Amino acid sequence: MVWTGTWVAERLGVELIGDEELPALLGLALRRNPKRAHLLVSSVLGKHVPQHPSVVYGSGLGLGLRVRELLGAEDAGRAVVLGYAETATALGHAVADGLGTAPYLHSTRRPVPGVTTAGGFEESHSHATSHLLLPEDPELLAGKGPLVLVDDEFSTGNTVLNTIRGLHERYPRDRYVVVALVDMRGPADRDRLTGFAAEIGARVDLISLAAGTVGLPDGVLEKGQELVARHETGRPALPAPRTRTRTAPAGTPADAPAGPPAPVRVALDWPADVPDGGRHGFTPGHRARLEAALPAMTTALTRALAPAPDHGPAGGPRVLVLGFEELMYAPLRLAGALEDAGLDVRYSTTTRSPVLAVDDPGYAIRTRLVFPAHDDPADGPGERYAYNVAGGGFDAVVAVVDSAADTPELHAPDGLLAQLAAHIPRVVLAVVPSYTPRPRPRPHPQAATERMAATEAPERSSMLPEPLRGPAFSSYAPEEVGWLLQDLSDVELEAPTEEREEAIQRGGAHYAESLPVEYQPSARYQELFHSALDASADRIAHAVGIVTETVLAEKSGRPVLVSLARAGTPVGVLMRRWARHRHGLDLPHYAVSIVRGRGIDANALRWLAAHHDPADVVFVDGWTGKGAITRELAAALRESDEFAGFDPEIAVLADPGSCVRTYGTREDFLIPSACLNSTVSGLISRTVLRSDLVGPDDFHGAKFYRELEGADVSVAFLDAVEARFDEVADTVDTDVKDLLAGDRTPTWEGWAAVERISEEYGIHDVNLVKPGVGETTRVLLRRVPWKILAKRGAGADLAHVRLLAEQRGVPVEEVDGLPYTCVGLIHPQYTRGATGADGKAVVSR
């Protein structure tokens, strides 16, 4: 039998090195990506390659039994299993079934209103959105027993390390078990996880079916690019749809095309009290009720699959059960039940992952169906895929979706069902009800008041200090902004940039636990700042007017501006000045801290709720990049009913990532306040969150750099922009009417671009891709930059970026078709021994 990695191996020289089981578990394919050569394709996962359901389920079940043996009965009885969306949701569930007594939760990319977020993380090499943890039981992850993390492939360990780091801060425990079908880490990645485990004082074990590495010869990227280009524009990825005869209804013209038959919808009678999967948690009790309901559902499916007496193969139909992205476990169990009933069944699921298809027996992805997303995804519309389905010789397909995905897009002429019907004679649709967690009962107002008194919440709010104000804290006038922060000016927090970068990437520190040494601009750089300010002040003023007028039009009463420190603070001050200048309004304005991965300052929100109506609060930021802070704020406000009154919408000056509805512009241009650090932000540092400095009843911290007063241009920046308010007032009045009448729905195209760039440049971590002029500037001022991508032809907006890059010895790569003016890439494998920008993000053999 031909190995399904032969085609790629022969053309690129890629090889699997390690256990002899690897070729049976993995094939190779090419990513539809000119700068990534290969993709490992599992033959037992049930995602890209249709497989016997008994093989798919058995692989996970066996791993779970091994985990149980490793832990022993007592620890296995206290364990919780966490799987990764989308590929490992069923694998993790099967591992939990193997453990027998463990509750199961998988991460999800589908936000669910009203469900408390227990955490979240970003996948290091993701082509999709961030992962959320949404257990119905908020205490599911809070136990001290072992946490078992399950993914299909353990390549670098970044995703697992990010997860453990985030969860350990909130729910510390002393043991973790990592489970994967294959462990393909190199020695450096193994050492990194071992070192991280030692740092947090926990034991981390790893179990897999096989282990090894991928051998990549020199020039593999160039050869891969050539192959992708040749085959992407070459022969079609699909075989021709099969032709079949069917009787046309009476009255149909003789020459009218028959077309494919309509899908048959089958009523599954899924048990109402059983979740459709592990998105909100799945217990052994749920599994027992599912097992009891499977026979009746199997009977219903068998009847729907039965061919007419004069049709179909003599030995019974060859059936594919096709799951849907994260919905993998329910269709897998249904497929297994059909297999147990004697049918010839294979199982796979649709996916977000774009892969090249080549119709060759030595290639893992032979065919590709392409169709639009049909579950109204939070990150916007896009293509979805089903691999190795067309041309697979199937006589029938059971498409299993949840009710949230049973939409008009599913049934559209270009939708999934139509694509299946063009290649498979019989299409059966089975819809599993999307599980909605039961709402947690709200206490009676009087009971809530008594409970708050018992827990001293009102006293804690009243004990929070009043906002810090200039000139004692910041160079802004006291009425311009109140800082809901604590003053850490006397604490030594700065560390060399290289030292910080290494600690952050090794997982030994969070970026908010220290501060970079403040960049001191050279005379040449300061001249660039003043030139940029003079050239763009009217453009900034126009954007300030647009965003402020939008807020005033959509917020009744008197809005309370709350800037996300520190990039949002100058924008909040300018919005306050516009409201006063044009309308005579004196808007309250505060600055609060928000930290990626740790949320917004909860005590700051409590202070705001005690002094203002949360419904009046408008969060303000400078600009969007990929929208990480937008997501962070939304997730933080969902976590507690205490903050339900706050609106997570952010108003920004510039929204090049198309992440918000309220913005001054969506152009990516130079905002002069992005050129500098504290010297354009009231001499205030970036915010700090460290457990030894910030207690549970404290505001997050920051420093006031009084010693930099001679270089401060904070007020000069504000005055220069305000001086242009009258000049742009008429165009603002006209443009804001057009904006309010138009469609401002976020498309999240910036996030999609970041994911693409992360894939194309082999970075494996979207956190290391910083899009837009503002974020690129931050990379050059605060981090260890690897390279800068600049839109070809970008002019004055990038003068300061080019100067900073020149000073730091960072290459600037001109790129065609870049959706941003520029993108900053942080060194993806940084240590202080790194040689710098060598053009390779992944070490090759």
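Of the 845 residues of the protein chain, 58% count as buried, where buried denotes a relative accessible area under 20%, exposed one over 50%, and partly exposed the range in between (1.4 Å probe, protein chains only). The model is predicted, and local features therefore require a pLDDT of at least 70 and side-chain atom pairs a pLDDT of 80 or more, whereas totals for chains, interfaces and linings use all residues. Residues are numbered from 1 along each chain as its sequence is written, and side-chain values use heavy atoms, with hydrogens and water left out.

The protein chain contains 23 helices and 32 strands; helices (H or I, at least four residues) and strands (E, at least two) are DSSP runs numbered from the N terminus. Among contacts in the protein chain with a separation of 6 or more, 78% are made by residues 24 or more positions apart, a contact being defined by heavy atoms within 4.5 Å. Cys-659 is buried at 3% relative accessibility, and Cys-822 is buried at 0%.

Together with helix H9 (residues 329-340), S12 and S13 make a right-handed β-α-β unit; a crossover is right-handed if, with the strands pointing away from the viewer, the path from the first strand over the helix to the second runs clockwise. Strand S17 (residues 426-432) is mostly covered, six of its seven residues being buried.

The structure holds ten aromatic pairs. Rings of Phe, Tyr and Trp (its six-membered ring) pair if their centres lie within 6.5 Å, and planes under 30 degrees apart count as stacked, over 60 as edge-to-face and the rest as tilted. One of these pairs, formed by Trp-7 and Tyr-363, is edge-to-face, at 5.3 Å centre to centre and 80 degrees between the planes. Because Trp-7 lies in helix H1 (residues 6-12) and Tyr-363 in the loop between S13 and strand S14 (368-372), the pair ties together parts that are 356 residues apart in sequence. Trp-7 is buried, with a relative accessible area of 4%, and Tyr-363 is buried at 1%.

Ring pairs also link Phe-473, Tyr-476, Trp-483 and Phe-704 into a cluster. Thr-569, found in helix H16 (residues 568-583), is buried at 0% relative accessibility. Beyond residues up to four places away in sequence, Thr-569 touches Tyr-476, Val-481, Trp-483, Ser-563, Leu-564, His-589 and Ala-591.

Several backbone features were also identified. Most residues other than glycine have a negative phi, and most peptide bonds are trans. Ser-474, which is not a glycine, has a positive phi of about 95 degrees; Ser-474 lies in the loop between helix H13 (457-463) and strand S18 (482-483) and is buried, with a relative accessible area of 1%. Ser-658 likewise has a positive phi, of about 50 degrees, and is found in the loop between strand S26 (650-654) and strand S27 (662-665), buried at 2% relative accessibility. The peptide bond from Ala-85 to Glu-86 is cis, with omega near 0 degrees, and Glu-86 is found in the loop between strand S4 (80-83) and helix H4 (89-99). The peptide bond from Ala-565 to Arg-566 is also cis, and Arg-566 lies in the loop between strand S22 (560-565) and H16.
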